[in-house]
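Please open the model in your viewer and keep the selection tool at hand.

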Amino acid sequence: MNSSTIHNIQHWGETLHLVVELAGTVAFALSGIMEGAQKRLDAVGVCVVGFLAAFGGGTLRDLLIDERPFFWVRHVEMLWGVLALCLLAMLFMRSHHFDLTRKAIEWPDALGLGLFTASGVHQALIGQMPALVAVLMGLITGVFGGVLRDIVCNEIPTAFSDHRPYAVCAFAGGWAYVGLWQLGAPGWMSLLVCVLVTAGLRGLAMWRNWQLPAWQID
Amino acid sequence: MNSSTIHNIQHWGETLHLVVELAGTVAFALSGIMEGAQKRLDAVGVCVVGFLAAFGGGTLRDLLIDERPFFWVRHVEMLWGVLALCLLAMLFMRSHHFDLTRKAIEWPDALGLGLFTASGVHQALIGQMPALVAVLMGLITGVFGGVLRDIVCNEIPTAFSDHRPYAVCAFAGGWAYVGLWQLGAPGWMSLLVCVLVTAGLRGLAMWRNWQLPAWQID
Amino acid sequence: MNSSTIHNIQHWGETLHLVVELAGTVAFALSGIMEGAQKRLDAVGVCVVGFLAAFGGGTLRDLLIDERPFFWVRHVEMLWGVLALCLLAMLFMRSHHFDLTRKAIEWPDALGLGLFTASGVHQALIGQMPALVAVLMGLITGVFGGVLRDIVCNEIPTAFSDHRPYAVCAFAGGWAYVGLWQLGAPGWMSLLVCVLVTAGLRGLAMWRNWQLPAWQID
């Protein structure tokens with residue numbers, strides 16, 4: 001390949017990364033907005049829950065690995081975007097749109113889960129953390145936005161109680177990232193495989209209606 | 001003005017600042033103590049909820065902008081004060097005092113909201129953060145003490161669900177601070193205007209019984 | 001004493017420290033696992049709540065005093081251990097084991113409370129924090145794992161609402177540590193007394209069925 005082709009591929013890779021990141025953030029924010037609406041929160045509450053769902057996981061990761069400034073301080077346009085999204089949703093969304101929206105964000109949500117997981121694993125590995133810690137950081141990045149959203153809405157987090165694989169997909173994807181990293185694979189490949197494993201497992205789980213094994217305590 | 005007059009004004013300003021800060025902290029702590037009491041918490045729980053309401057917002061701000069030591073480590077007398085307040089409340093407060101107390105802390109609470117918001121915005125601006133981030137830090141400082149209080153008491157945060165303007169007042173006051181700062185106004189003036197805008201809007205909202213526009217989702 | 005005796009005592013002290021720390025961590029994790037099970041969480045939820053109960057308090061302390069890396073990053077084998085414990089519990093524990101388990105972990109839990117409190121006080125004192133702050137850090141280390149566990153399970157934290165002395169024992173033990181430290185006692189003695197005071201008071205409270213004074217609000 002000549003250098004222009006390589007440049008093109010890199011360019012495409014970056015664009016794809018950005019598109020998935022935006023789609024994931026929008027999907028996470030919408031999940032918060034709809035939960036806030038169903039809990040009859042006021043306009044402020046809906047915005048806060050949307051922000052928590054979109055940015056909570058990454059912020060918690062940055063807090064835990066002591067990374068400053070936060071990603072949303074470096075990219076303040078993401079804050080403006082989610083704020084605009086919240087206001088637009090409140091102006092134009094009605095409850096009969098909710099089921100459709102929920103359907104429409106399933107795939108962006110799965111892709112976002114994969115990408116956010118990969119970013120958490122990546123940051124932890126750069127910080128020299130052990131493999132299991134890196135995977136947990138990925139899981140926290142991908143899943144804890146939704147957990148904070150549910151805690152503020154006074155619900156047991158869906159990710160822990162709906163018996164459908166979600167965090168488990170991020171766990172598997174995180175290990176894929178760590179494995180490739182330790183084999184010396186290039187960064188973009190680890191990222192891609194992590195996203196594909198996470199989103200693929202999540203998609204399979206939704207399609208085949210997989211259930212997490214229930215704990216028969218009695 | 002001669003230097004003695006200026007000194008006098010500075011002195012008065014500092015005293016006023018301290019009085020508002022104390023009044024706000026007492027108002028926030030009392031809101032926590034009363035909520036803990038109504039949830040039938042034990043003595044430990046009432047103290048913890050009082051502490052969370054009084055110090056939670058500022059602590060979260062310091063965590064997010066990585067400011068150490070926390071303000072309550074530098075001013076440990078505030079911890080002792082709130083501890084004493086919790087014990088005195090448990091000794092002498094009865095449920096028929098609650099409505100009166102709630103009435104009495106409305107204004108100190110509004111002033112405290114304004115001052116805490118201003119302090120959050122100020123610290124974020126000093127740390128070179130973008131305008132929107134600074135305003136959000138102000139909002140978090142002013143509002144998230146109450147949010148943590150409600151989460152521990154297993155309630156949806158009042159600030160997000162009672163449809164009365166509260167965080168929105170802090171949001172407006174925060175923008176006033178940022179605007180004056182960017183115009184190069186002296187620090188005391190930005191602070192004063194932020195407190196007046198926040199507490200004024202909050203007062204108006206309580207007086208005129210304003211409601212946040214409800215989101216008609218169906 | 002000759003040096004070999006001293007060496008032996010040190011060795012025994014360290015082993016004892018490790019045994020208590022392991023027992024306490026297991027007890028805390030089991031409390032989370034059982035609460036997750038009773039809330040009908042899925043396998044992921046049970047693990048997360050177990051982790052939160054075991055590591056939440058120490059992590060919050062490290063966040064607040066800005067200590068990095070976290071203790072579970074330095075001792076990643078503790079994470080593997082608790083993960084294994086969660087899986088074993090889900091495989092082999094049944095609901096008729098719960099009462100027995102709850103009985104069996106009472107003492108390890110009390111000892112763990114004492115040790116975790118001591119570790120929190122110790123770290124804060126090393127960081128030059130005032131006495132009251134150090135005691136609060138101890139209390140947070142010992143108690144807030146359980147608080148986070150209960151918040152995620154959508155319950156008012158037991159430590160604040162069951163009217164039985166728990167955090168208060170940690171508070172007393174923390175002051176014992178601070179007092180001995182300020183008198184210049186050796187570290188192992190402060191640690192030992194803190195654990196004995198905390199676990200002793202907790203044991204007495206359980207044995208004599210002590211109640212925290214209820215606040216008669218009406």
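Select R68(C) and D66(A): these residues form a salt bridge, with the closest N and O atoms 3.9 Å apart. The term denotes a side-chain nitrogen of Lys or Arg within 4 Å of a carboxyl oxygen of Asp or Glu. The count between chain C and chain A is 1 salt bridge.

The model is predicted: local features need pLDDT of at least 70 and side-chain atom pairs count only at pLDDT 80 or more, while totals for chains, interfaces and linings use all residues. Residues are numbered from 1 along each chain as its sequence is written, chains are lettered from A and ligands numbered from 1 in the order in which they are written, and side-chain values use heavy atoms, leaving out hydrogens and water.

**Chain C against chain A**

Now select the residues of chain C that touch chain A. Here 32 residues of chain C are in contact with 31 residues of chain A, where contact means heavy atoms within 4.5 Å. The area buried between the two chains is about 2600 Å², and carbon and sulfur atoms give 73% of it. Buried area is the accessible area (1.4 Å probe) that two parts lose on being put together, summed over both.

**Chain C against chain B**

Next, select D66(C) and R68(B), whose side chains meet in a salt bridge (3.9 Å, N to O). Helix 2, helix 7, helix 8 (158-161) and helix 9 (167-182) of chain C each give two or more residues to the side of chain C that touches chain B. Helices are DSSP runs (H or I, at least four residues), numbered from the N terminus. Helix 7 of chain C gives the most to this side, with 6 residues. In total, 31 residues of chain C are in contact with 32 residues of chain B.

**The second largest pocket**

Finally, select H17(C), L18(C), E21(C), L115(C) and L191(C), which lie nearest the centre of the second largest pocket, among its 41 lining residues. On a 1 Å grid over the protein atoms alone, a pocket is an open set of points where a 1.4 Å probe fits, with protein on both sides within 12 Å along at least five of seven lines; lining residues have an atom within 4 Å of a point.
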